[in-house]
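These are my notebook entries on one structure, kept in the order in which I looked things up. I began with open space and then turned to rings and charges.

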Amino acid sequence: MAFAHTVARLPVFYGWVIVGCMFLLLWTAHGLTLAGIPVFDELILEELGISRGTLKFRDFITVMCAGLSGPLVGYFADRYGTRPVIFAGLLFLGAALFLYSTISSPAHIYLIHVLMGLCFSATNIVVIVVLLSNWFVTRRGIALGLALAGTSLGSAFLPQLSAWLIGQMHWRDAVQVLGFLPVALIPVLYLLVRERPADLGVQPLGGETAPRTAHAKSHDVDMSEVWAQIRTFNFVLLGVIAALIFYTANAFIQHTFLYLRDQGFEPGTAATGFTIIFISGLVGKIASGFLVEKWGVKPIWIGFQALMWAGAIVMIVQGAEGAWIGLSCIGFGWGGAYALTQLTISNTFPPHVLGRLMGLFVVIEAVGAGSGSWLTGVLFDTRGSYDLAFLLTVGFMLAAIIGTRFLRTRPP
């Protein structure tokens, strides 16, 4: 506490220290979960003698646990604060990585990924938004964007660390080393992170925060209004579009390393595939905001989806020769499409029922993402290549683009 008070007296608003801490949190937790572990897939497949579909079912478990536990995480964050939730998430991740070094069966892997799903949820957007909203009245968008960059940059660079560690030691020892990262981050966040400016006797950026009455108001919403929105053409169509986009993204993200290894790339070079996808994705997220201001949401959203579609075609047609171009298109398109999917959801439905509908979309997106990783592995097992699995994503993205054309926006 004394250390945080000392830092708070520096001539810089302490909220930016909180932003930096959240950047580190996402860099570590999401970077390891999304991209650090898949680098070990080839060695796990060889040692356990299992199929890719069997292994990749773990990703379905991860995202479903993360999606379904989201409301519970929000409840604990509101009741007990974000710090205990974050620390629990990091402990779950550290434990999961240490347990990874002892795996002996698919069932063991699946149980571990329940922990990783809980970690992902405990360090996800719900907790970040709650904490940053306490510290920022103005510039919340900038603060949130800087914090969320941690996911992209961690997912871009941690695979390189995983590949380097595998080159230095047995993979089971390497995954134990990675397990120290989230545990080592806990004391840093314990010293620096505070729930709200009042804990340090300072004001949030932009003045006093408004009383947190959002939850109270949400209880006043008539559930018949929520069900009425769920039955609309917009909800069904947007749910399908979101699921298809998330399916396609995870089909490539979670199989990038194995695909590039199949194409003859060395492990270190194959890990670079994650770097390309997530750096391109970060650029896409940033670019989407500027492009939407000039041309509107729907045409730019379609454009990013089209980039994902084109990238999938390049991966099928060009193979190893076009891998970097294809992954760049998919990454850039995914970054923009992800951001604009959330923006389209918020623009499509009335604000007073948006919170509950967003919870449903989180589950829909989780089903799409998990299915993309798992079913791509299953299709590889049946065909012996990724051609059919990637061709399916081409059809899905074409369907998403056509569906977006028929989406009706909510009048202002």
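I looked up the second largest pocket, whose volume is about 150 Å³. The model is predicted, so I note that local features need pLDDT of at least 70 and side-chain atom pairs count only at pLDDT 80 or more, while totals for chains, interfaces and linings use all residues. Residues are numbered from 1 along each chain as its sequence is written, and side-chain values use heavy atoms, with hydrogens and water left out.

For the pocket I used a 1 Å grid over the protein atoms alone: a pocket is an open set of points with protein on both sides within 12 Å along at least five of seven lines, and lining residues have an atom within 4 Å of a point. The volume is the space filled by probe spheres set on the points, which are joined across faces, edges and corners.

Which residues line the second largest pocket? I listed Ser69, Leu72, Val73, Phe76, Val85, Ala88, Phe92, Leu118 and Ala122. At least two lining residues come from each of helix H4 (52–80), helix H5 (82–100) and helix H6 (106–122), and H4 gives the largest share, four residues; helices here are DSSP runs (H or I, at least four residues) numbered from the N terminus. By class the lining holds eight nonpolar residues, one polar and no charged ones, where Ala, Val, Leu, Ile, Met, Phe, Trp, Tyr, Cys and Pro count as nonpolar, Asp, Glu, Lys and Arg as charged, and the others, Gly among them, as polar.

My search of the whole structure gave 27 aromatic pairs (ring centres of Phe, Tyr or Trp, the last by its six-membered ring, within 6.5 Å; planes under 30 degrees apart are stacked, over 60 edge-to-face, the rest tilted). Phe235 and Phe361 make a tilted pair, with 4.9 Å centre to centre and 50° between the planes. Because Phe235 lies in helix H12 (residues 233–253) and Phe361 in helix H17 (residues 351–383), this pair ties together parts that are 126 residues apart in sequence. Both Phe235 and Phe361 are buried (under 20% relative accessible area with a 1.4 Å probe and protein chains only; exposed is over 50%, partly exposed in between).

Tyr259 and Tyr386 pair edge-to-face, at 6.1 Å centre to centre and 65° between the planes. Here too distant parts of the chain are linked, since Tyr259 is in helix H13 (residues 256–262) and Tyr386 in the loop between H17 and helix H18 (387–405), 127 residues apart. Tyr259 counts as buried at 5% relative accessibility, and Tyr386 is buried at 4%.

I found seven salt bridges in the structure (a side-chain nitrogen of Lys or Arg within 4 Å of a carboxyl oxygen of Asp or Glu). In one of them Arg58 meets Asp41, with the closest N and O atoms 2.7 Å apart, and this links helix H4, which holds Arg58, to helix H3 (residues 41–48), which holds Asp41, 17 residues apart. Arg58 is buried, with a relative accessible area of 0%, and Asp41 is buried, also with 0%.

Arg58 forms a salt bridge with Asp59 as well, the closest N and O atoms being 3.3 Å apart, and both Arg58 and Asp59 are buried. Through shared partners, salt bridges join Asp41, Lys56, Arg58 and Asp59 into one network.

Key:
1 Å grid on protein atoms, 1.4 Å probe; cavity = no way out; pocket = protein on both sides within 12 Å on 5 of 7 lines; lining within 4 Å.
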